[in-house]
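I opened this entry to record what I looked up in the structure, working from the whole chain down to single residues.

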Amino acid sequence: MERGGRHAWGQPGGRGCVDEDGPRCEGVPTAPAGSTDGRDVSGHPAGRRMRPLAWVGIASLCLGAAWAVPAQEGSRNVEKPKVDLALYENLDLDNYDLTLDSYGDVDNLSNYEELYDYGDIAPKIEVGTLAPRPKDPEALPKVGTTAPAPKPQPPTSSPVRPAQGLPSCLLCLCIGTSVYCDDADLERIPLLPPDTTYLYARFNRISAIRAGDFTGLKKLKRIDLTSNSIAWADADAFRLLPSLQELILPENRLTALPELPRSIVRLDARLNRIPSTGLQPEAFRDLKQLQFLHLSDNQLDYVPTPLPESLRSLHLQNNNIQTMHKDTFCDSQDHSHVRRALEDIRLDGNPINLSLFPNAYFCLPRLPTGRFA
């Protein structure tokens, strides 16, 4: 090994050198003193000192590549999910059009309007439609001219009457020929359309029925005035109604029954204050179509007679009936007389003892309901 400012090289490649004036250096070859050709003792160029910078560049490229990989994976995750074709396996696409064509076989709407009779509904009035354009061009107003002012009309003293039937259809519900005025806070019968067939005016405060309340209503079949405060009805309030079949007046304050039309089939005047004197003599004799006569919970003293042969149901319970005539139901002179229609007679709740009048029931198909002891 040489000394005197020169390096001693041990192993090949310059490893294990010992400097004369300094410590031992390993793996770092140094240029000899006075060297000016840019090469170290091993013969490599001096640019080898730039290797650390190269390693920094390579490291930066590796880091950039590492950052690009997650970005590509994120873009892959944004892709649309695949359609699950198993959901559409059960659809019969070949017969789809056939199903739409056969829809009319399931729901036949061709006769939909025939199910309802729209003839009873008033025609629709269109408000705000424009007047038709006149054919004569001279009738059109000229541009730039003003129309003459209309002459003032003297005021009329007579009030304008509303269209017939309009008040009831504003206060009530009119569907076809039926008028529903239930719980409408009415104090009297409203003006009804002329083709009214059924009137329901229950749960109001109507106190009286006047002779003109139903004038001209020739098609009226049913009147239901349940739960009002009716204490009086004109004698001709119902007599002139040729089509009336059902008159329903329970839960009122009537003390007398008006005259009834011969077309009546059902009369229900339960829960009123009608005494026997409040019925006209032989009030039901000429009512040949009467089938249901319900006068329970009143103040009757006897069974009204004579009763028409058409009668099927007679309810007189909870009155003050104490006695009965032997001809009340049957003809005592004709023992072959049989009343097959009258099967429902209610006399319970009265002080009468029905067992005291055995000859009064021989023509009936069944005994009345009441006290027999």
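I took helices (H or I, at least four residues) and strands (E, at least two) as DSSP runs, numbered from the N terminus. On that basis I found 4 helices and 13 strands in the protein chain. I note that this is a predicted model, in which local features need pLDDT of at least 70, side-chain atom pairs count only at pLDDT 80 or more, and totals for chains, interfaces and linings use all residues. Residues are numbered from 1 along each chain as its sequence is written, and side-chain values use heavy atoms, with hydrogens and water left out.

**Whole chain**

I called a residue buried under 20% relative accessible area, exposed over 50% and partly exposed in between (1.4 Å probe, protein chains only). Of the 373 residues in the protein chain, 28% are buried. I computed accessible areas by the Shrake-Rupley method with a 1.4 Å probe; for residues, only the protein chains shown count as cover. The accessible surface of the protein chain is about 26200 Å², and carbon and sulfur atoms hold 54% of it. A contact means heavy atoms within 4.5 Å. Among contacts with a separation of 6 or more, 40% join residues 24 or more positions apart.

**Nonpolar core**

I defined a nonpolar core as a set of buried Ala, Val, Leu, Ile, Met, Phe, Trp, Tyr and Cys residues joined through side-chain atoms within 4.5 Å. The largest one has 56 residues, and Phe214, Ile223, Phe284 and Phe329 have the most contacts inside it. In soluble globular proteins, nonpolar side chains tend to be buried together.

I then listed the partners of Phe329, not counting residues up to four places away in sequence; they include Val303, Leu307, His337, Arg339 and Tyr361.

Leu241 lies in the loop between β8 (232-233) and β9 (246-248). I recorded Leu241 as buried because its relative accessibility is 3%. Beyond its neighbours within four places in sequence, Leu241 is in contact with Phe214, Leu217, Leu220, Ile223, Pro261 and Ser263. From Leu241 to Leu260, 19 residues apart in sequence, the C-alpha distance is 8.8 Å.

**Aromatic pairs**

Rings of Phe, Tyr and Trp (its six-membered ring) pair if their centres lie within 6.5 Å; planes under 30 degrees apart count as stacked, over 60 as edge-to-face and the rest as tilted. My search of the whole structure gave 3 aromatic pairs. One of them is Tyr180 with Tyr200, which is stacked because the ring centres are 5.2 Å apart and the planes lie at 5°. Tyr180 is in strand β4 and Tyr200 in strand β5 (residues 198-200), so the pair ties together parts that are 20 residues apart in sequence. Tyr200 is buried at 12% relative accessibility, whereas Tyr180 is partly exposed at 34%.

I also examined Tyr361 with Phe372, an edge-to-face pair because the ring centres are 6.4 Å apart and the planes lie at 70°. Both Tyr361 and Phe372 are in the segment after β13 (344-346), 11 residues apart. Tyr361 is buried at 6% relative accessibility, and Phe372 is partly exposed at 35%.

**Around strand β4**

Strand β4 covers residues 178-180. Thr177 sits in the loop between β3 (173-175) and β4, and at 15% relative accessibility Thr177 counts as buried.
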